[in-house]
Each structure stands twice: as structure tokens, then as C-alpha cells.
Protein chains: 2
Amino acid sequence: MLPFSRVAIIGLGLIGSSLAHAIRAYLPTARVVGHDADPQVREIARRIDLADDITDTAGAAVIDADLVILCVPPGAMGAAASAIKDDLAEGVILSEVASCQASVIAAIREVLPDVTLVPAHPVAGTENSGPEAGFATLFHNRWCILTPPEGTDPTAVARVEALWQRIGANVDTMDATHHDLVLAVTSHLPHIIAYTIVGTASDLENVTRSEVIKYSAGGFRDFTRIAASDPTMWRDVFLANKEAVLEMLQRFTEDLTQLQRAIRWGDGDKLFDHFTKTRAIRRSIIEQGQDDAAPDFGRQHP
Amino acid sequence: MLPFSRVAIIGLGLIGSSLAHAIRAYLPTARVVGHDADPQVREIARRIDLADDITDTAGAAVIDADLVILCVPPGAMGAAASAIKDDLAEGVILSEVASCQASVIAAIREVLPDVTLVPAHPVAGTENSGPEAGFATLFHNRWCILTPPEGTDPTAVARVEALWQRIGANVDTMDATHHDLVLAVTSHLPHIIAYTIVGTASDLENVTRSEVIKYSAGGFRDFTRIAASDPTMWRDVFLANKEAVLEMLQRFTEDLTQLQRAIRWGDGDKLFDHFTKTRAIRRSIIEQGQDDAAPDFGRQHP
């Protein structure tokens, strides 16, 4: 059975466009309608035939949808909810894909206090943005975390879960606050660290930027990938998940200070022990199918 | 013309075994002899036919070689030089591949004050270690940095350069101190940061290790790759390049504090500006062929 028959996607960036591709690929009888606030994005979406219809207003996209998924940056969720407010159909389920849930849920609830809300955050992505970055298999074997507010209709939750499973994701459910803490460590902390180190490396007096680029294969280039992610979305994430991010940064800084001290004092045993421990984590990630087992992420060495 | 006809490789880990594969593939008439201090590594090397001969002692490997390349961790370079000291042929060129040069050159010079030394550090690698991790194309289109001490015979430098070019590398030359500073930022800083964050994430009370692994595709998994690198080698690198690493860590910490402050005070513009700037660096790295242009490092989404 089809969990939804008419899906509206608001926001056609990497996640929105991947959802459109995935739903059309794996639930081909569902109707997919898309909208983006940016007219240029809508034009591209029409040209690449991203959905059955691309509407000029958010309201027109949702008017007969049984599922509406907001795929805009966290800071734009409240405005997106306002834009669809008057056109939502009776019995519609609203979802959104934000990487920080507590503040986004609050922003939507302020505009739409009574809507059935089933947030679903897919822990998946690439460094690319925009309507042409999406692809149907982005969510394959990735986890999608549902954070339905207490008291949400379990049938609605089950339908959203069924949708994500149909497009290849594994589904977990947790409360929004725990979600935000988990994502602070598995996603937000890595991003702020990567953004920092790429900035540090490009701002030196005695090593040129051209040297940094040429010799980046020594490790640095790995960080540049996530530091190339969408600036608007990441600004919003850090502002919206401030407390959890600051808490993780505090812990990170303490741990870094400890290793820095070991380097300064020549404590090789402490360094060796730490470096041995961290190896095990990667093995588990590969065993659980959350990264490519090929060396160097499977990069080509042609 | 063959730059060398008899190459001895001491240390058969990722770099040593890749060199053996590469020289046999691209200079098939050169004779390659290998040695590793670990008998188990020698046994594997013989089984996989890594070289024309695998010798039980370092001395036997170098006895008639016109090029000897030390591929052991930085802290073991002095001992490796001692082990070959009495068996080096007249006119031999000695090379080594360390990621930190000033202290390694000093350690070798102490044992072999008069040898012709042409260090050559290939900025290339994967997270895997050991004699089975190597492959012939590891150095393709990667940079190899020569750091010959002042006064080194230019013919010797040219021959080492020719060897690296034949196995697919681009070659640069700089002095050892500058090399160590450049590598501190493009390689050593990223590694210590990655080792730190992987430790931080696996040591939390309120987020389980299993959650960190499951949801690692949000960015964290990128860091686990380089944090899976060889612990012995990296302990040695940080101890041997202490000053430059501490200097880069200091700058990194300042930059991180500034972004942390922007998060705390909700300064979205500062975050946005920083995140926009870092995007450009990745584009340059890809343009210069130093990373895969495919999204997500070319990881498979099957």
C-alpha cells in the first residue's frame, strides 16, 4: 500500500531534490509536487523534470497533498510554515528534514499549533547543494530519525516511517532533544571543526594557499569536503542547536588540550594509546555499512 | 635511462610496499630488494611476491643497491640508518619518506654524516597500513617533496626526482624546515584534530557509541578515516615535528574560539561569511586534481 499518494516538497535543494527523485523512483504512482522560493531554482527544477509539477507558490504545491515535507534551512522553517498555512488539506501530515529539531518544531508549532507533525531527519548528504545535486539513492542504507512530538498520532508516524523505508532508509525514532544532542556530535561538531581548520589553513603568513592546496592529500583535503557544505543551512544549524554544539565544543577543546600537552611534553605513550583506540571506531562504522570499506573512501587513483 | 638499477626498500608498510609495486610496474628492469624488521611482515612480503628478494637483514638488502629508501616511522629512522651503515655500497644514494624532515635528517646524519642523502616525502597515502596495503598507483598525480640538505650533489637530486616522476608523482623541492611547516598544516594538524574528535565522540555519557556509529554519515565518519592511520607513525610525527604542530594548534584554537563565540552570541553573519570563504578552497583542490570531483569523495550509494 502506498503510504501517501500526493507529496508536496517545499525547498528543492540537495535533500528536497533527492526526495523528489527517490519518491518518483520507488513510489512511481505517487504524485510529487515541488516548490522553491527561488524562481531560478524552480526554473531548473522544471527543466530537469524534477516533479510532476513545480508550482510558483508554496500554497499551490500543498493544496491537495496528503504529505508536505519542508526541506528548507532551519531558519526558514517558520516562514515556510506560514506560506502554506492557509492551503493545507484536511488530514495532511506535515514533515520536515532539519538537522536540529527542538527549535524547528517550536517554530512550526507557533504557526501551525494543531497540524500533525512528524519530523524526519535523514542522516545523509553530500557537499553539493541545489536542485541538481539530488539523486534517488542518497538515502540508501542511511538512517532517518523521526522525532514526533509527544502525543502524535501513531498511524501518522507509521506512514512517514513507511515512506522512508520505501526509499531505502533505516528508520529510528527518538525525542527531539536527544536527536539534537546526537547530531551535535555526529554532524554539527565535525562541521564546525572542518570549517575552522580550512579557515586556519588558508590564513597563514608563512605557508601559501597554493602550497596548502597542492599538498592537501596529506589529510587536509578530507576536511574541505564538509567545509564546502551550504553556508546558509549551516549558519542556521549552529544558531538553532547552540547549547548542544557549545557543549560538544567544550569537550572537544578539553580533549585537544590534553593531546596538545602530550605533544608538548613528549608523552609518546599517551599519544599511541589514544591513536590506537580511535582505529576501532572506523572498523565499526564500516562493519555497519555506514562508510565505504574501500581505502581512501574509494577515491580513484587512476 | 633508468635512474637506478638496484633499489633497496627498508620498511614494508603502506609506503614501502607501494614503492615496491610502483617501481616494479613502471621501471620493470630495476631490481627491487626489500627488508622489514618484523619477521611476520617479511613472510607476507614473500608470499605476495612484493620484491625480487626479501632479505632477513637490512644489511643484506642494501649491499649492492644504488638507491636505498628508508620507509620506517620517523622515530625508527636513526636505528634503520645504523642497521645499514656497514653494508652501503660506494656511491649509494640514501633516501627516506618521512612526513617530518628536519629531525629525521638530523638523526640520519648523526649515524651517516657523509652519505649522499636525498629525502623524498610523497604526500600520499590511505588509512591502511602494512605490506598488503600498498598499490602501484598510490603516487599518481600526488606531490613528492624533496628536501636535500644544502650542498647535496645535484645529480643525485635529479636521479631521485626522475624516479618519482617515473612512478607518476609531481616533484617539488624545498628546505626541510619549510617542508615541516607546510606538512604541519596540510597533514599533521588535520590528523591530530581527527584523532581528537573521534576520541571526544566515543567518550560521552549521554550519547552512546552505537549512536555515534549509526549516525556517522552526518559528517563524523569523514574524520574516522584519518583517525584510523598507523598509531606508531603518527606518534613519531607529532613528537618529531613538535614546534610546528604546536604553532598550528595554537592558531587553530584561536580560530575555533572565534567561531564558538559567534555561535554563542548568535552572530549569523560572521558564520555565514566564514562558511562561504571555505567553499572556495575545495574548488581549487579539485581543479588541481588533488581530490576526486565526484560528490562525497566518490563514495558508492548502491
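Guide: Here is a walk from one pair of helices out to the pairing of the chains. Please keep in mind that this is a predicted model.

Let's begin with the pair. Two packed helices are described by the angle between their axes and the distance between the axes. In chain A, take helix α4, residues 77–84, and helix α5, residues 102–111: their axes come within 8 Å and cross at roughly 30°. Angles under 35 degrees count as roughly parallel, so α4(A) is roughly parallel to α5(A). The crossing of α4(A) past α5(A) is right-handed. On the α4(A) side, Met77(A), Gly78(A), Ala81(A) and Ser82(A) make the contact, and α5(A) answers with Val104(A), Ala107(A), Ile108(A), Glu110(A) and Val111(A).

Now look at Val68(A). Leaving aside residues up to four places away in sequence, Val68(A) touches Ala8(A), Ile10(A), Val62(A), Ile84(A), Leu88(A), Val92(A) and Leu94(A). The largest nonpolar core has 206 residues, and Val68(A) is among those with the most contacts inside it, along with Ile10(A), Ile9(B), Ile10(B) and Val68(B).

Finally, step back to the two chains. Between them, 94 residues of chain A are in contact with 94 residues of chain B. Several helices of chain A give two or more residues to this side, including α8 (209–214) and α12 (268–287), while α7(A) gives the most, with 18 residues. A rotation of 180° with 0.0 Å of shift along its axis brings chain A onto chain B, with an RMSD of 0.0 Å. That is the relation of a two-fold axis. Both copies use the same surface, as 100% of the contact residues of chain A recur in chain B.

Notes: Residues are numbered from 1 along each chain as its sequence is written. Chains are lettered from A and ligands numbered from 1 in the order in which they are written. This is a predicted model: local features need pLDDT of at least 70, side-chain atom pairs count only at pLDDT 80 or more; totals for chains, interfaces and linings use all residues. Copies are superposed by least squares on the C-alpha atoms of residues with pLDDT of at least 70 in both. Two residues are in contact if their C-beta atoms, placed from the backbone, lie within 7 Å. A nonpolar core is a set of buried Ala, Val, Leu, Ile, Met, Phe, Trp, Tyr and Cys residues joined through C-beta atoms within 7 Å. A residue is buried if 20 or more other C-beta atoms lie within 10 Å of its own, exposed if 12 or fewer, and partly exposed in between; C-beta atoms are placed from the backbone. Axes are lines fitted to C-alpha atoms, for helices over the stretch in contact, and angles run from 0 to 180 degrees between N-to-C directions. Helices (H or I, at least four residues) and strands (E, at least two) are DSSP runs, numbered from the N terminus. Angles under 35 degrees count as roughly parallel, over 145 as roughly antiparallel, 65 to 115 as roughly perpendicular and the rest as oblique. A crossing is left-handed if the near helix is turned anticlockwise from the far one by less than a right angle, and right-handed if clockwise.
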